[in-house]
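Here is a friendly walk through a protein model. Take a look at the structure first, and then we can go through it piece by piece.

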Amino acid sequence: RPPPEAQGSPGGGSEAKTPLKNSPEGSKEDLLLEAERLLEEGKIEMAQGFYDRALECYQQSRKIYMDLGHAKGLSKAINNIGGIHYQRGEFEAGLTLLREEIRRAEEQGYPVDRVSFLGNIGLFLREMGAHSAALEHTQQAISIAREVGSQMAVARHLGNLSAIHSAMGSK
């Protein structure tokens, strides 16, 4: 089964680096670079099957992005955390994570990638056998992707929609 849309692809070797402290001394640019480095390190760890280490990297990255108010990076980190839950078969945990992040984003007024979150919720629901709910979330993702003009996201979620119909036994 394909993982939820974890952002980017793994590559290269993992180098042990000491993360920057998220302190007033670190410039915003330094902190953004550190968050990106942590995302990349997490992808490498995940590709090698070291889910706990990957999760630690993604959570550190998420905190930096949250502190900086960097919506795109925050969405990447959260989706990658969801990808770990997906790979581990922890569908309820992944579903809870994404739903809570959407709720938190709405309450606190920070933007997140609702299209990928809704699509990933659809993937978790499909794996859990909740096909009607999976259809609903995936269709919402497609609708929003069309509104914002993201043809790539539309195509990705149409593929997911097809997989849901297939799981339901539809032709």
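Predicted model: local features only at pLDDT ≥ 70, side-chain atom pairs only at ≥ 80, totals over all residues.

## A helix to start with

How many of the 14 residues of α5 are buried? Twelve are, so the rest of the structure largely encloses this helix. The buried set runs through Val115, Ser116, Phe117, Leu118, Gly119, Asn120, Ile121, Gly122, Leu123, Phe124, Leu125 and Arg126. The cover over these buried residues includes α3, α4, α6 and α7. Just after α5 comes glycine 129, with a positive phi of about 85°.

## The whole chain

Stepping back, the protein chain has seven helices and zero strands. Its pattern along the sequence reads α-α-α-α-α-α-α.

Of the 171 residues in the chain, 42% are buried. The chain exposes about 8900 Å², with carbon and sulfur atoms supplying 51% of that area. If you take the contacts between residues at least 6 apart in sequence, 60% of them join residues at least 24 apart.

## The nonpolar core

The largest nonpolar core holds 38 residues, and those touching the most other members are Tyr58, Tyr65, Ile78, Ile84, Leu98, Ile121 and Phe124. Two or more residues each come from α1 (28–47), α2 (51–68), α3 (71–88), α4 (91–108), α5 (114–127), α6 (131–148) and α7 (151–168). Which element gives the largest share of this core? It is α5, with seven residues.

Ile84, one of those core residues with the most partners, is worth a click in your viewer. Setting aside neighbours within four places in sequence, isoleucine 84 is in contact with Met46, Tyr51, Ala54, Leu55 and Tyr58.

## Rings and a charge

Across the whole structure there are three aromatic pairs. One of them joins tyrosine 86 and phenylalanine 91 in an edge-to-face arrangement, 5.6 Å centre to centre and with 65° between the planes. Tyrosine 86 and phenylalanine 91 are both buried.

Ring pairs also link Tyr86, Phe91 and Phe124 into a cluster. Phe124 brings us back to α5, where it is among the buried residues.

Finally, look for arginine 53: its charged end sits over the ring of phenylalanine 50, 3.9 Å from the ring centre.

Methods
Residues numbered from 1 in each chain as written. Heavy atoms only, no water. Core = buried A, V, L, I, M, F, W, Y, C linked by side-chain atoms within 4.5 Å. Buried < 20%, exposed > 50% of the residue type's maximum accessible area, 1.4 Å probe, protein only. Helix = DSSP H or I, 4+ residues; strand = E, 2+ residues; numbered from the N terminus. Contact = heavy atoms within 4.5 Å. Areas by Shrake-Rupley, 256 points an atom, 1.4 Å probe, with all protein chains shown as cover. Phe/Tyr/Trp six-rings, centres within 6.5 Å; stacked < 30°, edge-to-face > 60°. Lys NZ or Arg CZ within 6 Å of the ring centre and 35° of its normal.
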